[in-house]
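Welcome, and please open the model in your viewer. We will go from one selection to the next, with a short note on what is there at each stop.

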Amino acid sequence: MLSEKYGYLHSCPTNLGTGMRVSVHVDLPGWTKEGLPALKARCEELGLQPRGTRGESGGQTGITYDISNKHRLGYSEVELVQKMIDGVNTLWKEDKELVAKQG
């Protein structure tokens with residue numbers, strides 16, 4: 001949409017709702033060793049999305065991931081932040097267990 005005052009206005013449809021994308025960069029060496037498909041599946045169960053630290057299409061390097069909330073519609077800001085806190089804490093705990101198991 002073109003606004004005479006602001007120029008072209010647009011939005012990514014995945015950011016509808018609160019428009020709030022909560023994210024954290026976290027090192028997950030255990031999940032990295034398990035493989036990206038395993039991490040994606042686990043994040044799906046937790047309502048999260050893993051991305052590389054180079055953004056949505058930039059790919060993943062090393063053991064650091066950008067973990068964000070998957071859903072943005074129908075939840076309050078408090079619910080979205082709490083989902084992130086709980087989900088990242090779960091991933092972190094599981095990662096520690098994977099690292100110990102992997103030796």
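Begin by selecting Arg51 together with Asp66: Arg51 stands opposite Asp66 in strand 5. Strands here are DSSP runs of E with at least two residues, helices are DSSP runs of H or I with at least four residues, and both are numbered from the N terminus. This is a predicted model, in which local features need pLDDT of at least 70 and side-chain atom pairs count only at pLDDT 80 or more, while totals for chains, interfaces and linings use all residues. Residues are numbered from 1 along each chain as its sequence is written, and side-chain values use heavy atoms, with hydrogens and water left out.

**Stop one: strands 4 and 5**

Now select strand 4 (48-52) and strand 5 (residues 64-69). The two run antiparallel and are joined by five bridges; strands count as paired if DSSP finds at least two bridges between them. Along this pair, Gln49 stands opposite Ser68, and Leu48 has Asn69 as its bridge partner.

How many residues of strand 5 are buried? Five of its six residues are, and the strand is mostly covered. Buried means under 20% relative accessible area, exposed means over 50%, and partly exposed lies in between (1.4 Å probe, protein chains only). In strand 4, four of the five residues are buried, so the rest of the structure largely encloses this strand.

You now have an open sheet of three strands in the order 3-5-4, with antiparallel pairing. From one strand to the next, the twist averages 30°. Axes are lines fitted to C-alpha atoms, for helices over the stretch in contact, and angles run from 0 to 180 degrees between N-to-C directions.

**Stop three: helix 2**

Bring in helix 2 (residues 36-46). Helix 2 packs on the sheet, touching strand 4 and strand 5, and its direction makes about 145° with that of strand 4. Contact means heavy atoms within 4.5 Å.

Next, pick out Lys40, which is in helix 2. Is Lys40 buried or partly exposed? Lys40 is partly exposed, with a relative accessible area of 46%.

**Stop four: helix 2 against helix 3**

Select helix 3 (residues 77-102) as well. The axes of helix 2 and helix 3 come within 10 Å and cross at roughly 145°. On the helix 2 side, the contact is made by Leu39, Arg42, Cys43 and Leu46, and on the helix 3 side by Lys83, Gly87, Thr90, Leu91 and Glu94.

Finally, show everything. The protein chain has three helices and five strands, and along the sequence they follow the pattern β-β-β-α-α-β-β-α. Of the 103 residues in the protein chain, 29% are buried.
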